[in-house]
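Hi,

Here is the structure I said I would pass on. Have a look at it first, and then read on for what turned up.

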Amino acid sequence: MFFLSFLKSVKTNSSFTDAAMGRIAQGTKVLAEGGYERVFRQTFETVPKEQLLNSFACYLSTSAGPVMGVLYVSTAKLAYCSDNPLSYKNGSQTEWNLYKVVIPFHRLRAINPSSSKINPAEKYIQVICVDSHEFWFMGFLNYNGAVTCLQEASQLHGTLSM
């Protein structure tokens with residue numbers, strides 16, 4: 001199942017202090033809830049025998065700006081969830097939801113690591129789905145680890161080009 005949560009009027013705050021506090025809060029949540037594997041299983045539907053391979057703190061690029069969260073790589077899918085609920089308008093009401101992206105490996109066309117031509121220290125991972133949706137992940141605390149994990153996962157499924 002291909003599931004995307006698109007939120008309109010997403011509000012983000014990109015200050016360094018807020019980002020640091022968000023990481024601390026996210027780490028506290030993970031510890032309190034029993035680790036990344038447990039948070040992954042509580043946040044996303046999983047299939048039998050699906051295992052979490054790794055998780056990476058990063059940002060997802062959106063039209064409203066970067067959204068801080070965690071990219072999970074499992075044996076079945078890539079899944080992203082924002083650290084905090086984001087607001088959006090539903091008619092005249094403001095609602096709050098976590099921003100989630102779930103992409104099963106069979107729905108992926110390519111995963112492309114890249115960096116900014118202007119500033120090579122700015123590194124990104126582009127994810128392209130078979131329906132041409134694109135997602136850009138950036139600001140990884142462990143970029144090389146994320147690239148390696150995604151390369152290994154893609155080799156397991158044999159359907160991706162990098």
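A quick definition before we start: a residue is called buried under 20% relative accessible area, exposed over 50%, and partly exposed in between. Ser132, with a relative accessible area of 46%, is therefore partly exposed. Ser132 sits in the loop between strand 9 and strand 10, and has a positive phi of about 75 degrees although it is not a glycine. Most residues other than glycine have a negative phi. Lys49 is another one to look at, with a phi near 70 degrees. You'll find Lys49 in the loop between helix 2 (36-43) and strand 2, and at 78% relative accessibility it counts as exposed.

Please keep in mind that this is a predicted model. The average pLDDT is 82, and 77% of the residues score at least 70. The part to be careful with is residues 1-15, where pLDDT stays under 50. The model does have 41 contacts beyond four places in sequence for that stretch, but where pLDDT is low, the predicted coordinates should not be read in detail.

Now the inside. The largest nonpolar core has 27 residues, and Leu78, Tyr80, Ile125, Val127, Phe137 and Phe140 have the most contacts inside it. Several elements give two or more residues to this core, including strand 3 (65-74), strand 8 (108-115) and strand 9 (123-129). Helix 3 provides the largest share, 6 residues. Apart from this core there is another, of 9 residues, among them Val39, Phe40, Ala79 and Val102.

Beyond its neighbours in sequence (up to four places away), Phe137 touches Cys58, Tyr59, Leu60, Leu71, Tyr80, Lys123, Tyr124, Ile125 and Val127. Leu60 is also its bridge partner, with Phe137 on the strand 10 side. Strand 2 and strand 10 run antiparallel and are joined by 2 bridges. Strand 2 also pairs with strand 3, again in the antiparallel sense, over 10 bridges. Those two strands form a hairpin with 2 residues between them, and within the pairing Ala57 stands opposite Val70 of strand 3.

How many salt bridges does a search of the whole structure find? There are 3:

- Arg41 and Glu37 meet at 2.9 Å, N to O. Both lie in helix 2, 4 residues apart, about one turn of the helix. Arg41 is partly exposed at 32%, and Glu37 is partly exposed at 30%.
- Lys77 pairs with Glu50, the closest N and O atoms being 2.9 Å apart. This pair links distant parts of the chain, 27 residues apart, with Lys77 in strand 4 and Glu50 in the loop between helix 2 and strand 2. Lys77 is buried, with a relative accessible area of 6%, and Glu50 is buried as well, at 1%.
- Asp131 and Arg107 meet at 3.5 Å, N to O. They too link distant parts of the chain, 24 residues apart. Asp131 is partly exposed at 32%, as is Arg107 at 23%.

Is Ser82 buried or exposed? With a relative accessible area of 3%, Ser82 is buried, because the cut-off is under 20%. A polar atom of the Ser82 side chain lies 2.9 Å from the backbone oxygen of Asn84. Leaving out residues up to four places away in sequence, Ser82 touches Val67, Met68, Gly69, Leu98 and Tyr99.

Cheers

Key. Residues numbered from 1 in each chain as written. Predicted model: local features only at pLDDT ≥ 70, side-chain atom pairs only at ≥ 80, totals over all residues. Heavy atoms only, no water. Buried < 20%, exposed > 50% of the residue type's maximum accessible area, 1.4 Å probe, protein only. Polar contact = N/O pair within 3.5 Å; in protein donor to acceptor, adjacent residues only side chain to side chain. Contact = heavy atoms within 4.5 Å. pLDDT = per-residue confidence, 0-100. Core = buried A, V, L, I, M, F, W, Y, C linked by side-chain atoms within 4.5 Å. Pairing = 2+ DSSP bridges. Salt bridge = Lys/Arg side-chain N within 4 Å of Asp/Glu carboxyl O.
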